[in-house]
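Work through the following exercises with the coordinates at hand, and compare each step with the solution given.

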Amino acid sequence: MTSRLALVGLTVCLALSATGSTPADDAETLLMEIQSGWKLPSFDSNQSDDPDQVRAYEGRLRTALNRRVDLIGRFYRMAPEHPVTRELMNKRWAAMMGHPLADRREELTAEVGAIALDQGNALRADAAYYKALLGLPAAREAGLDAAWGPIEAFIALAPSDERGAHLLSMVANLPNTPPDRRSSILDRILAEYPHTRTARNVETSRRRAREVGHPFALAFKDAVHGKPISLQKDLKGKVVVIDFWATWCGPCVAETSELKSLYEDYKDKGVEFIGVSLDPTDKDGQKAVVSFVQENQIDWPQFHDEKTIEFATSWGVTLIPSIFVVDANGDLYTVEGRGKLDRLLPELLH
């Protein structure tokens, strides 16, 4: 038996010597294969109403993602210290977190769990982060304590990594987080991660909460017709719906018809709408906004210029569509009007 194994080993060595192949060469070849196949299959949005086409696309996407994930796994085993290994493994884990590869969640859990415990592994902190992310669904069902251990483990392992702030923010915003605990978690973000984007979002969110019930200032020039508009002067005494949107935002576009219907129902009853477009403010962006408004016969004014992004950011609008509502006194009534206008507008006009 021993002599047979020795013969096999000698044969492999001779083959490698003959071809000039080394593990490093194989890793670089595999890296080229990964990079060359990075583009994912595209989908024709015109076929989104065809279930068969959607299923076929999801199948192609799943196949492509599985191949990418498997290749990266092989690359990691072959070249764990390569300069691009960390980037690739984070992409592998992000893909395995997503819907198309949900069936690989157990494999992902085992992999990041093992690496998070490996003290000599350069990917240990990244693995601990994904381990904490994987624990968040349990927090929604079984309470915060179910997710807290992995989050604290990540923060202890990488105390200056701003992903710790992101994890804390996600826990704070879970629907079953008690208000007092949510407030203490947000305080912790501000104290431990003061210079991060997450901390700025916390500060802005608290500002939004404080500003409800106070005057809301907005003055701009309508991007379509060029007419100057002041919410305080021109729309005084009206309930104002402020819609943050963009032409590139699929959900925004999908909700246009519903907003138009509500506008028709309430425009003569003391309600006005204002669009705040977060499209780029270059010529192409301006053209896109004007064309969309005209083609879809949107009758309310649009705020879209070099100050729009700053305005939206100052109010903590990081996701669109987002809808604010200002009452007839000119005071901010809510920053969470999306999906609630059919109830809020009659309430404010009563």
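**Exercise 1: two helix contacts**

H8 and H9 are roughly antiparallel to each other, a class that applies to angles over 145 degrees. The model is a predicted one, in which local features need pLDDT of at least 70 and side-chain atom pairs count only at pLDDT 80 or more, whereas totals for chains, interfaces and linings use all residues. Residues are numbered from 1 along each chain as its sequence is written, and side-chain values use heavy atoms, with hydrogens and water left out.

Task: describe how H8 and H9 cross and which residues meet.

Solution. Begin with the axes, which are lines fitted to C-alpha atoms over the stretch in contact, with angles from 0 to 180 degrees between N-to-C directions. The axes of H8 (residues 163-172) and H9 (residues 179-192) come within 9 Å and cross at roughly 165°; helices here are DSSP runs (H or I) of at least four residues, and strands (E) of at least two. Next, take contact as heavy atoms within 4.5 Å: Ala165, Leu168, Ser169, Val171 and Ala172 in H8 then meet Arg182, Ile185, Leu186, Arg188 and Ile189 in H9. By class, this contact has seven nonpolar, one polar and two charged residues.

Task: describe how H9 packs against H10.

Solution. The axes of H9 and H10 are 9 Å apart, at an angle of about 130°. The two helices are therefore oblique to each other. Among the residues that meet are Arg182 and Leu186 in H9, and Val202 and Arg206 in H10.

**Exercise 2: an aromatic pair**

Task: classify the pair formed by Phe216 and Phe324.

Solution. Rings of Phe, Tyr and Trp (its six-membered ring) pair if their centres lie within 6.5 Å, with planes under 30 degrees apart stacked, over 60 edge-to-face and the rest tilted; by this rule there are 16 aromatic pairs. The ring centres of Phe216 and Phe324 are 6.2 Å apart and the planes stand at 80°, so the pair is edge-to-face.

Technical notes: Angles under 35 degrees count as roughly parallel, over 145 as roughly antiparallel, 65 to 115 as roughly perpendicular and the rest as oblique. Ala, Val, Leu, Ile, Met, Phe, Trp, Tyr, Cys and Pro count as nonpolar, Asp, Glu, Lys and Arg as charged, and the others, Gly among them, as polar.
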